[in-house]
Each structure stands twice: as structure tokens, then as C-alpha cells.
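Reader: Hello! Could you walk me through some side-chain contacts and the surface of this model, with the cut-offs spelled out as we go?

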Amino acid sequence: MTQLALVIDLNVCVGCHACVTSCKQWNTSGAAGPMFDDNPYGADPTGTFFNRVQTYEVGEFPCTETIHFPKSCLHCEDAPCVPVCPTGASYKRKEDGIVLVNYDKCIGCKYCSWACPYGAREFDEKQKVMKKCTLCVDRIYDMSIPEDRRKPACVISCPTSARLFGDVHDPESEVSIAIRENGGYPLMPEWGTKPANHYLPRRKTKLRIHEDELVRADNPLKKEDIRHEVSKDATLDDWLM
Amino acid sequence: MHPAFSVIFLTTLIGVGQGLFLALYSSQTYSIVNVLPAQPGSYYAIGGAIALGFLVAGLILSFFHLGHPERAWRAASQWRTSWLSREIIALPLVMSLIAVYILANWLELDADLYGWGMPGQVALTLGSLGAAANLLLFLCTGMVYAAVKFLQEWASPLTVLNYFLLGSASGFTLAAAYAAYQAPALTEFYAGWAIILTLAALATRAASLIRNARLKRISTLQSAIGVRHNKVQQRAMGMMGGSYNTR
């Protein structure tokens, strides 16, 4: 069984919000209609976004780290928003595990937003229906798009490649390997919702350089120890050898 | 979470209606076994109509919190999984059973259904069905909230009990007022139970407030972002500040 999902590398994300804007651009232009913006140029703008980058400060100054935390619907395998929906508008697709809302069936009662512990549900105040990340379901199966670009808009746009997309049930997929090899984890596993999206943790990127690595220690032809006299006759070629 | 005002009106008003019906039903049952003085059928019919009025008002008000009230009929479809859907089925069920109860009492319909040789068997049967449906509706209303396990304040049997006791207390209070006007002999019975139910509701509501104050959070900021550090602070909510559920 396929379970499409995103894997987000917190070690790589720089918090540029490119995924947020590209998500908004793609999804506001789709057949489902625009995503509401309230007072977008005013002092207190707000609106419907399927993807948001939150920022956290971890630690105590001066030993702090800033964590940019992109968050969208996690497409839970046991999605709590689905059984509570009174109309059946909220559903999880069997074929690829994407959790979707049928905007034509939704009555806008907002009960699912209470049932989502991740706050991933986004109410559209204009269309009066509940919306959420669709994993760009209208893009990833679009045969008119070149195959390598049939990915969610946020994945395509990420300049640091912090976002991976694929089937987390296929052990050999890029996302499964990333989760396995880099300690990928789900959010709030204590509730048993089994989020499909995973996050890769911050990692210490230290480079150990031994002194031997600075010179060609075991090369008998090495020239690092040859030093030339500094004179006015020396040209750049002498230095470069 | 902040439930919409229309939802608060819905639960409050249908609570009064359900409680009033339970009060009428209990006094009628008592009168059949001659514990309380019997009243004419019109007394129960008019009282039932008042209860029905509260339920209808609550139902109408509940539509105001929907984004698409014209699609509300769809909400009855997911009764297998959704307590909200079950509530939406139970509410019209209660209303129609109360309507039948009103009609039977107004026309003073009676028959020796069970061969007991006592009057009031039809009213008793319809009243029992209505009361059972009422209890079911209390259960559904409470479970809409208690079934959301992530909201630990609500995810408790006390939520259901509070809806039942607070609704019944308000209904019995209204019944006491109605009886003071129409059937003074019953006022003491209703008022006594109204006091008992109100005090019981006070106790269970206080219990749930104490429980909420002592609640141990299952999720933390650490588990929400998967960073194990004692000090984590959120600095920004993301693009354009909060979404509708953080506004």
C-alpha cells in the first residue's frame, strides 16, 4: 500500500518560506478556487495557508539555536480528522494515503479542526469550507507536467532541498532511506495517529581534519616542504610551482 | 478551542428542552402509579410543546455556525464513526418522539396495551421512548466533546455527565416554573429534583474543573516539534501570523 508523504530535513531548512509561497501560489490557482486572504496588506494580515514555517528558539541565550519548522498536514495513517467528520467530506485515499477534504461536501462545522492535534486544518473564511494540504494531488499525477516535476510545489521550490517527497511504505524509496539513515521521526507519536510526514533532526556537522590531511604526508614526491626564497625576481609561477 | 456562540446556544437550549421533557415524563410516570396527582393530557401536551420549542430553537441556532448550512443534511451520513453525526440524527428523533407524545397527550389517547387495566399506558410508552431518545441525545452531545481525545479537558466521562446533569437541572427548573403556573401540586416535586440535579451538576462540574486544573499534558512543545531540550520557545507562527484556529 502506498503512503505518500513529505520528509523535511530540519538540518537543512533555512526558513526562507519559499515552500510557503510556492504552496500558496499553486493551490490558490487551482480548480478548487483561491485560498482566502484577510486584510493581506493591513497591519494584521491573516489567511489560509496549507504550509507554514514556524520558528522556534531552543536553549538559553547565548547558547541558542533557531529551528525553522515547516509544517503542513502530516497525512496521518490513522487520521483523527476523518472519523469525526459528520458528512464524509474528510477522507483518506486508499490508493496513496493522501488525506483530503471534499470541498463540495464540507459543511464548515470545523469539528475536524478540533480533532486534529497538529492544527493542520485551515478554514477558508471566504468559501466557508475546511481546507488543508493536498500534497498537491492536482500536480503529482498531472501527465502534462514533466515526470521529474510531478512533485508537490513546496518540494520543487525548496532551494536547499530540505523537502523530500515519496512513498514512506516503500523501504527503498528516497524518503524511507532518509528516515532510516538520518533518524527521521514523526510528530507527537504519543497519540498513535502515525503521521506519514517525517522530520529529520538537526545534526552536528563537524569536520575533523587531521594534520596529516593538510599535507600529502605519505607521498614521497610531496612538495609542501619546499620553500622558495622570496625575492623581487620571483613571479607568480614560482609560487604556484 | 472556542466553540461558536451558536453551538453554546444549541447545547444550552436543547438541554432545557430535554430536561423539561424528562421532568414531564417522570411526573407522569409517578402519577400513573399514584405517587403524584395526575394532570389532564393538555398539561403534558403544552409542557411537551414548550420542550419542543426549545429543541427547535436550538436546532435553528445551530445552523448559524455552519459554513454551508444548505448542506447540513449531509451531516447525518457518518453515524458509524462521528458522534456529531449521531447527534444530528438523535436530535430530530427526539423532536419527533416528543411531537408524537404531545399529540397523544393532547388527544388523551389511551389503550390497555399491556393488559394492566390502568389508564395512561400509551402516554407512558411514548414517554419512555422519548426519554430514552433524550438520554441518547445527551450522550451524543457529550460525546461530541468527550470523543476528542487530544483536548484532554473534554476527553472525560465527566463531560457527558455534565451535559446530562446541567441540562436536566435547567429543564426541571423550567418545569417547576411551568407547574407553579399550571399544576401547583407538582411544583414541589420538580423544584426538589431541580435542586438535587443542580447540586449534583455543581459537584460534577467542580470535579471536572479540578481535573482540568491538575491535568498532565500528554503532548509538550518538545514532542510537537521533536526537539528534546528543556527550553523551547516558539518565536513565530509562520506566514501571516496565525491561522483561524490560533486567532
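This is a predicted model: local features need pLDDT of at least 70, side-chain atom pairs count only at pLDDT 80 or more; totals for chains, interfaces and linings use all residues.

Reader: How many residues apart are Glu65(A) and Arg202(A)?

Author: Helices (H or I, at least four residues) and strands (E, at least two) are DSSP runs, numbered from the N terminus. Glu65(A) lies in strand β5 (residues 63–72) of chain A, while Arg202(A) is in the loop between β11 (198–200) and α7 (211–214) of that chain. The pair thus links distant parts of the chain, and the separation is 137 residues.

Reader: Which residues are linked with Glu65(A) in a network of salt bridges?

Author: Lys204(A) also meets Glu65(A) in a salt bridge, at 3.7 Å from N to O. Lys204(A) lies in the loop between β11 and α7 of chain A and Glu65(A) in strand β5, so this pair ties together parts 139 residues apart in sequence. The network joins Glu65(A) to Arg202(A) and Lys204(A).

Reader: Is Lys204(A) buried or exposed?

Author: Buried means under 20% relative accessible area, exposed over 50%, and partly exposed in between (1.4 Å probe, protein chains only). Glu65(A) counts as partly exposed at 34%, and Arg202(A) is also partly exposed, at 28%. Lys204(A) has a relative accessible area of 68%, so the word for Lys204(A) is exposed.

Reader: Which residue of chain A forms a salt bridge with Arg235(B)?

Author: The structure holds 13 salt bridges over all chains. In one of them, Arg235(B) lies in strand β1 (residues 232–236) of chain B and its partner in strand β4 (residues 51–60) of chain A, so the pair joins two chains. The closest N and O atoms are 2.8 Å apart, and the partner is Glu57(A).

Reader: Nice! On to the rings: what is the angle between the planes of Phe138(B) and Phe164(B)?

Author: Rings of Phe, Tyr and Trp (its six-membered ring) pair if their centres lie within 6.5 Å; planes under 30 degrees apart count as stacked, over 60 as edge-to-face and the rest as tilted. The structure holds 17 aromatic pairs over all chains. Phe138(B) and Phe164(B) form an edge-to-face pair, 5.4 Å centre to centre, and the planes stand at 90 degrees.

Reader: Why does this pair tie together parts of chain B, and how many residues apart are they?

Author: Phe138(B) is buried, at 4% relative accessible area, whereas Phe164(B) is partly exposed, at 26%. Because Phe138(B) lies in helix α4 and Phe164(B) in helix α5 (residues 157–182), the pair ties together parts whose separation in sequence is 26 residues.

Reader: How far from the ring centre of Trp83(B) is Arg86(B)?

Author: A charge sits over a ring if NZ of Lys or CZ of Arg is within 6 Å of the ring centre and within 35 degrees of the ring normal. In chain A, the charged end of Lys131(A) sits over the ring of Tyr103(A), 5.3 Å from its centre. Arg86(B) lies over the face of Trp83(B), at a distance of 4.4 Å.

Reader: Which backbone nitrogen does the side chain of Gln121(B) reach?

Author: Gln121(B) lies in helix α4 of chain B and counts as buried, at 1% relative accessibility. Its side chain makes a contact at 3.0 Å, and the backbone nitrogen belongs to Leu113(B).

Reader: Last one: what is the area of the nonpolar surface patch that includes Leu109(B)?

Author: Leu109(B) lies in the loop between α3 and α4 (121–146) of chain B and counts as partly exposed, at 46% relative accessibility. Patches are made of residues with over 30% relative accessible area and no salt bridge, like charges being joined within 9 Å and nonpolar side chains (Val, Leu, Ile, Met, Phe, Trp, Tyr) within 5 Å. α2 (41–62) and α3 (83–106) of chain B each supply at least two residues of this one. With Ile46(B), Ile50(B), Leu103(B), Trp106(B) and Leu107(B), Leu109(B) makes a patch of about 580 Å².

Methods. Residues are numbered from 1 along each chain as its sequence is written. Chains are lettered from A and ligands numbered from 1 in the order in which they are written. Side-chain values use heavy atoms; hydrogens and water are left out. Accessible areas come from the Shrake-Rupley method with a 1.4 Å probe; for residues, only the protein chains shown count as cover. A salt bridge is a side-chain nitrogen of Lys or Arg within 4 Å of a carboxyl oxygen of Asp or Glu. A polar contact is a pair of N or O atoms within 3.5 Å; within protein, one must be able to donate a hydrogen and the other to accept it, and residues adjacent in sequence count only if both atoms are side-chain atoms.
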